[in-house]
Every structure is written in C-alpha cells, then in structure tokens.
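Welcome! Let's take a walk through this model together, one contact at a time.

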Amino acid sequence: MRVCELKLSHFRNYRELRLQFGEGINIFYGRNAQGKTNILEAISLLATTRSLRASRESELILQDEEMAHVTAEIDREREGDAELTVSVFQGDKKTVRVNGMKRERVVDLLGQFNAVFFGSIDLVIVTGEPADRRHYLNIEISQISPRYVYDLGHYKRVLAQRNRLLRELRDRPRPPQEMGLDVWNEQLIKYGSTLFDKRRFYLDRLSLLAEEIHAELTDGRERLEVKYLPSITLPVKPTETKTAETVELSTNLSTVSTMANNNTSSVAEVNPNTVRESREDAYLHSVAQEASQGEKEPAPQTQNSPAMPVNTLESIESAFRRQLHGVGTEEARRGTTLLGPQRDDIAFFINGTDARLYGSQGQQRTVALALKLAEFRLIEEHVGEPPVMLLDDVMSDLDDHRRKHLLSWVRRRCQTFITCTNLRSFPKDLLAEASIFQVTAGTVTSDVRKRPLPTRNSESLPEQSVGQPVEPSGESSVGELAGEAPAIAERHDLAPVSLPAVSGKATDKPG
Amino acid sequence: MFHYAKPLAHLVAELERLPGIGPKSAQRMAFHILRQPQDEAKQLAEAILTVKESIRLCSVCSNFTDQEKCEICRDTKRDPALLCVVAETRDLIAMEKTNEFKGMYHVLQGLISPMDNIGPELLKIRELFPRVVDGVKEVILALNPTTEGQTTSLFLASRLKPLGVKVSQIASGLPAGGDLDYADQATLISALQWRREM
Ligand SMILES: [Zn+2]
C-alpha cells in the first residue's frame with residue numbers, strides 16, 4: 001500500500017499543497033512548527049478518519065476558511081488504485097469520498113487505506129490514563145474491523161442514554177421497567193459484548209506480536225507482557241476451559257434477551273439448556289480449529305468474515321448480563337453505568353514489573369514502539385499487504401540501537417514517512433535512496449539536487465516537483481530552490497554524497 | 001453598532017428557532033417575507049395558525065389529521081390484522097408511497113430517548129396495546145435503525161409478545177443511521193418483504 005500523491009486544501013497551515021512521494025522512505029525535515037507533522041496527520045486522517053491531535057476536528061481547517069480537503073491517490077496491491085478524500089467542515093462535520101463518489105457514512109472510508117502512526121504522543125499509551133489506552137485500541141481495531149466502529153458508535157450512544165436514564169431514575173424514582181431500563185441493559189450488553197469480544201481477540205494477537213518484536217528491540221534482555229484488563233470478568237475462552245459455567249438467567253430478563261439475540265443471530269430461544277449446548281459447540285469448534293492448525297495461531301481473517309464463533313459472544317453476553325445485574329443496586333444509587341468497555345484498560349509488564357509505574361522513559365518508549373510495530377504486522381496480516389508507516393519526530397527520541405532497528409525494519413518493507421529536524425540520524429545509503437522534502441513555514445520543497453528536472457511537461461514543473469502554496473505569488477521558482485540547495489547540503493553535511501534520482505519514480509508514474 | 005428594527009429582529013429570532021435554520025438562513029427568510037406582497041405574507045401567517053388550530057392526532061393511530069379519525073383509519077378496505085408501527089407521520093408517508101402495505105398504522109410520535117427526556121410514557125405506546133389485543137395478528141415494527149429506533153423496537157417487542165401477537169421488524173437493509181423517509185422505495189419495499197420475526 002502506498003500514497004502516490006497527496007493534495008491538501010485549506011488543511012492546517014497549508015492553503016494548497018500537492019506532493020508526490022517515493023515508494024520507499026520519504027523524509028520531511030525542517031525546524032519545529034513548520035507543518036511537517038501536518039502532512040503525516042493528513043495521511044493518517046485518510047486511514048482512520050480521525051485527527052491525530054485535534055480535540056475538535058474543525059481545528060484541521062486553515063484559519064478563516066469554511067472547509068479543508070485531503071485527497072490522496074493510493075496504490076494498493078490487492079484492491080487496485082483508489083482516490084480517497086476526507087473533507088472537514090466548520091462545526092466538525094466530515095464527509096468522505098472514494099474515487100470521487102461520496103459515501104453515506106464517514107466510517108465507509110475505513111478499510112480503504114491503512115497507516116500506522118508512531119510519534120512521541122504515543123508514549124501515553126504506556127504512561128497515560130486508561131482512556132488513552134482505550135483510544136489506542138479503538139483506533140487500531142477500527143482499521144481492521146469497520147464493524148467495530150459501527151458497534152462502538154452504537155455502544156457509546158447506548159451508554160450515554162443509559163447513564164441519563166439511571167441519573168433520572170436516581171433523582172426521580174419511578175419503576176425502572178416502565179422507563180425501559182431493561183431494554184437499555186440489553187442494548188448495553190449486546191454492543192458491549194461485541195466490543196469485549198473484539199478487543200480480546202485483537203489484543204491476544206497484538207500482544208503476541210508485540211512481545212516478539214519487543215524481544216528483538218531489546219536483544220532479548222527484556223520480556224514484555226501485554227495484558228487486557230476488561231471491566232468485567234470475561235468467561236474463560238472455550239479453548240481454555242473444560243467445564244461449562246453454570247448459567248444464571250433471571251426469568252424476567254430472558255424474554256428481552258431472546259429478542260436482543262435475535263437481532264444479531266438466528267438463535268430462536270435463550271434458555272439455559274441451549275446456552276449450555278452452544279457453549280459446548282464453541283468448545284468443540286475451537287478444539288477442532290486448534291487441531292487443524294497445530295501450533296499456529298488462528299489464521300488471519302479477512303475483513304468480511306466474523307472474528308470469532310458467535311458462541312463466544314453469547315457466553316460474554318451472559319457473563320456481562322450476570323455481572324451487570326450484580327451491580328444493579330449500586331448503579332441505581334450512583335445513577336451511572338459501572339461496568340462496560342468504557343472501563344477497560346491494558347497493562348504492560350517488563351520482566352514482570354508494571355512498565356507504566358516503574359519503567360524508565362526509554363523502556364516505556366520501547367514498549368510503545370513495539371506496540372506500533374505489532375499493529376503494523378496485525379494490519380499486514382489482515383489486509384494482506386503492508387500499511388504505510390508514519391514516524392513523527394522519533395529519530396531523536398530513540399537510542400542508536402533502536403533507531404537502527406526501526407529504520408532497517410521499515411526499509412524496503414513499506415512506504416514510510418518520517419519527520420525530523422535534521423538528517424543527521426540517517427545512514428548515508430538510506431538518504432541516497434530516500435525522497436527528501438524540506439518543510440519551511442508551510443512550504444514543502446523536494447530536494448532538487450536529487451530530482452531530475454522533468455522536461456516533457458515543463459509547464460507543470462513547479463507542481464510536479466515542488467509542493468507549494470498556490471496563493472503566494474509563485475516566486476518560489478526552481479531557480480530559487482536550486483540556489484538554496486547548497487545551503488541545505490552544507491547544514492546537513494550531505495554535500496559529499498552523490499545522490500541518485502530515486503524520488504523521480506513518483507514523478508514518472510504513468511497516468 | 002447597527003441593529004435591525006425591533007419587528008424585523010423579532011421575526012429573525014423566531015425563524016431561527018426552527019429546526020435546521022441558522023442565523024444566515026433566518027435573515028434571508030425574513031428579508032424574503034419583508035419583500036413579499038402583503039397577501040402572500042398573510043397566507044403564510046394564516047397557514048401557520050390554521051395548522052395549529054385544525055391538526056390533531058387521530059384518535060386511533062395518532063397520525064396527524066384534521067378530523068377525529070385519519071384517512072387511513074377510515075379506509076375500510078385496509079387489513080386491520082396487520083399493524084405497522086412507525087415513529088413519525090413522515091415515516092408513514094414513506095411507507096404509503098411504496099404502495100405495498102395495505103394494513104393499518106400506529107404512529108408513536110417519537111422514539112425512546114432519555115437524553116431528550118422522552119421515556120416510553122411520553123410516546124403513543126399506551127394507545128397501542130388495546131389495538132393489538134383487538135384482532136391484530138402481526139405487528140410490524142418499522143423504526144429507523146438508529147440506537148433509539150432499535151431500543152424502542154426491543155421495548156415494544158418485549159411488551160407485545162406476551163400478548164400472543166406476532167411481532168416482526170422490517171429488515172435493516174436500510175443504511176444504518178439512515179432515515180425511513182430518505183430510504184428509496186425499492187429499499188423500503190424489500191425491507192418490508194424481508195421483515196424478521198422478533
Ligand atoms: Zn388514524
């Protein structure tokens with residue numbers, strides 16, 4: 001997967017910008033606050049539909065403008081090329097287009113393009129609040145399971161509605177049944193359970209990958225353990241238990257739960273017997289799966305196939321129902337929801353000690369990096385091709401060993417976008433094959449010494465080789481850039497290296 | 001600083017209270033009305049007053065009507081054993097446009113939504129039960145597939161099923177979050193055909 005061309009309009013500090021990228025490593029260098037990260041943010045927006053940093057999405061819009069657009073031409077091995085657009089409007093409204101066609105919902109963009117972002121802000125995955133870790137999980141899973149986003153949206157809405165109702169009932173007591181609390185409970189259970197289910201499923205795989213990568217990053221000196229801490233006690237997965245739990249279903253809830261189940265599956269009746277049966281089914285099913293796969297992990301699933309057998313989901317639902325019932329009195333007293341995915345967390349242990357509390361910053365950063373690289377692998381497994389890697393100003397944060405490891409990891413593996421303040425951290429042979437852009441106050445200039453001047457279409461020259469603001473009077477001509485180049489080379493000690501014209505690839509792209 | 005003359009400011013403020021009308025549109029509308037001939041403006045004012053005075057809820061189905069019973073409830077050729085529950089009159093009209101449904105309707109006049117202070121007791125649910133016991137064989141729930149629509153469907157199904165009536169839900173071939181009244185007719189027809197028992 002790679003971004004061939006990126007067009008920004010009224011996005012952050014860019015009025016109009018058009019850039020073409022190299023297939024491998026693309027480096028954006030310049031002083032801080034010049035707009036380097038904004039380019040990564042734009043690419044990330046196309047993958048996640050979410051802003052990396054803005055608390056309100058209208059912050060993405062250039063000052064005094066009504067809307068911002070990000071458009072990219074994406075080259076995909078599996079699904080062919082696509083042009084993707086995200087538009088952000090004042091009032092935080094967004095629309096998305098795929099090949100120029102407007103899609104009904106913003107989430108319809110998910111799955112079209114994948115990117116993994118790693119920057120210093122990702123340290124909060126380890127050091128921050130549980131909400132930071134849930135946010136990380138949500139963003140990661142949404143890239144491989146658009147269905148998750150749909151369920152998450154419903155869940156958040158149900159949660160807000162149920163909290164409001166619980167507060168109302170606390171302040172003005174009425175029979176909860178009359179006000180439909182039982183139905184909101186079932187909705188909470190239905191959507192909450194799919195979130196628990198998916199989070200456990202993906203985190204299981206993600207932690208294996210992260211633990212492996214972490215061992216590589218630390219030369220096996222440190223052992224990482226990633227643990228999902230769900231807000232409820234999840235039923236042990238059928239593969240891990242041989243005794244079915246006793247099923248407690250209060251009779252007055254069973255009518256409603258039957259219907260809630262009918263919404264998602266074809267199960268006609270929920271009575272303890274069928275639940276027990278279906279659990280056995282789940283057990284048998286997974287044993288059979290294990291047997292057929294030997295030592296291996298469950299095969300990566302495509303986006304369309306269900307992530308797990310439905311039976312697992314049912315056992316989570318009944319566990320959630322039982323535990324929710326258990327806190328019913330306390331919820332009524334406090335007037336708010338006490339259990340659910342909104343209270344999940346993840347814990348990280350290095351050699352058995354909690355990395356959040358006792359890890360050094362270097363260790364915490366390594367955990368964050370391992371998680372991001374694991375996410376990369378997870379997406380690669382699910383999508384069938386590597387996502388794009390976005391590395392925001394991480395070169396100076398990592399020690400020599402980890403930096404080398406990271407660069408060799410991304411090199412020739414995927415298209416990578418790196419922001420940095422200087423080019424010193426890069427080996428010369430890497431710089432030789434990379435596409436290099438200088439970013440100064442919202443103007444992006446590609447390193448002209450490396451780029452052959454396209455002669456066949458001289459009129460579009462500035463746009464083809466140079467991204468620049470459209471409104472400023474067009475003075476940043478090639479001549480000016482060429483004049484600037486030696487200065488850049490001097491500053492970054494690049495002059496002796498003779499640089500082949502690799503980044504010309506993007507320019508020479510047919511069509 | 002310049003302000004609109006009081007009557008004009010008043011009109012703008014009133015128009016701004018309408019759903020989907022921002023300050024700019026409100027001003028545009030106000031100036032349009034100002035430029036209209038006197039009798040056109042009068043017609044608009046009268047239409048607003050008449051609708052408030054003459055339109056009420058049908059005593060049977062809670063649809064909007066200018067009589068005691070709405071046109072559909074007076075239609076004797078319709079099948080009283082089939083009852084379609086919708087949230088709003090505009091959803092009823094969307095269903096009617098398909099020309100596929102020949103039963104009766106029940107308009108809830110909203111969906112359960114605690115955040116909007118709408119509990120089941122504020123909807124026309126109490127009026128639904130006597131109708132269901134009185135010869136209805138199947139209740140078809142045709143509510144939007146939003147969180148609130150789903151929850152209201154579940155609420156109704158759990159309360160109606162003990163009465164021994166068949167309860168079904170139109171298939172959610174509708175785009176999630178989509179509205180019935182925007183759904184094209186073909187989508188709505190197939191959603192009706194592929195309804196599932198709840
Ligand atoms: Zn009527």
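In which hand, left or right, does helix 1 of chain B pass helix 2 of chain B? The crossing is right-handed. Keep in mind as you look that this is a predicted model.

Let's stay with this pair for a moment. Two packed helices are described by the angle between their axes and the distance between the axes. Here, the axes of helix 1 (residues 6-16) and helix 2 (residues 23-35) of chain B come within 8 Å, crossing at roughly 130°. Because of that angle, helix 1 of chain B is oblique to helix 2 of chain B. On the helix 1 side, the contact is made by B:Leu8, B:Leu11, B:Val12, B:Leu15 and B:Glu16. Helix 2 of chain B answers with B:Pro23, B:Ala26, B:Gln27, B:Met29, B:Ala30 and B:Ile33. Sorted by class, this contact has nine nonpolar residues, one polar and one charged.

Now step out to where the chains meet. Here, 23 residues of chain A are in contact with 19 residues of chain B. On the chain A side, helix 4 (146-171), helix 5 (181-217) and helix 6 (251-264) each supply at least two residues, and helix 4 of chain A gives the most, with nine. That side of chain A divides into ten nonpolar, six polar and seven charged residues.

Finally, turn to chain A itself. Its domain assignment gives domain 1 (2-114 + 387-508) and domain 2 (127-347). Nine residues of domain 1 of chain A are in contact with eight residues of domain 2 of chain A. On the domain 1 side, helix 1 (36-48) and helix 12 (400-410) of chain A are the elements giving two or more residues. Three nonpolar, four polar and two charged residues make up that side of domain 1.

Terms used
Residues numbered from 1 in each chain as written. Chains lettered and ligands numbered in written order. Predicted model: local features only at pLDDT ≥ 70, side-chain atom pairs only at ≥ 80, totals over all residues. Axes fitted to C-alpha atoms, helices over the stretch in contact; angles between N-to-C directions. Helix = DSSP H or I, 4+ residues; strand = E, 2+ residues; numbered from the N terminus. Parallel < 35°, antiparallel > 145°, perpendicular 65-115°, else oblique. Left-handed = near helix turned anticlockwise from the far one by under 90°. Contact = placed C-beta atoms within 7 Å. Nonpolar A, V, L, I, M, F, W, Y, C, P; charged D, E, K, R; others polar. Domains from an automatic or database assignment.
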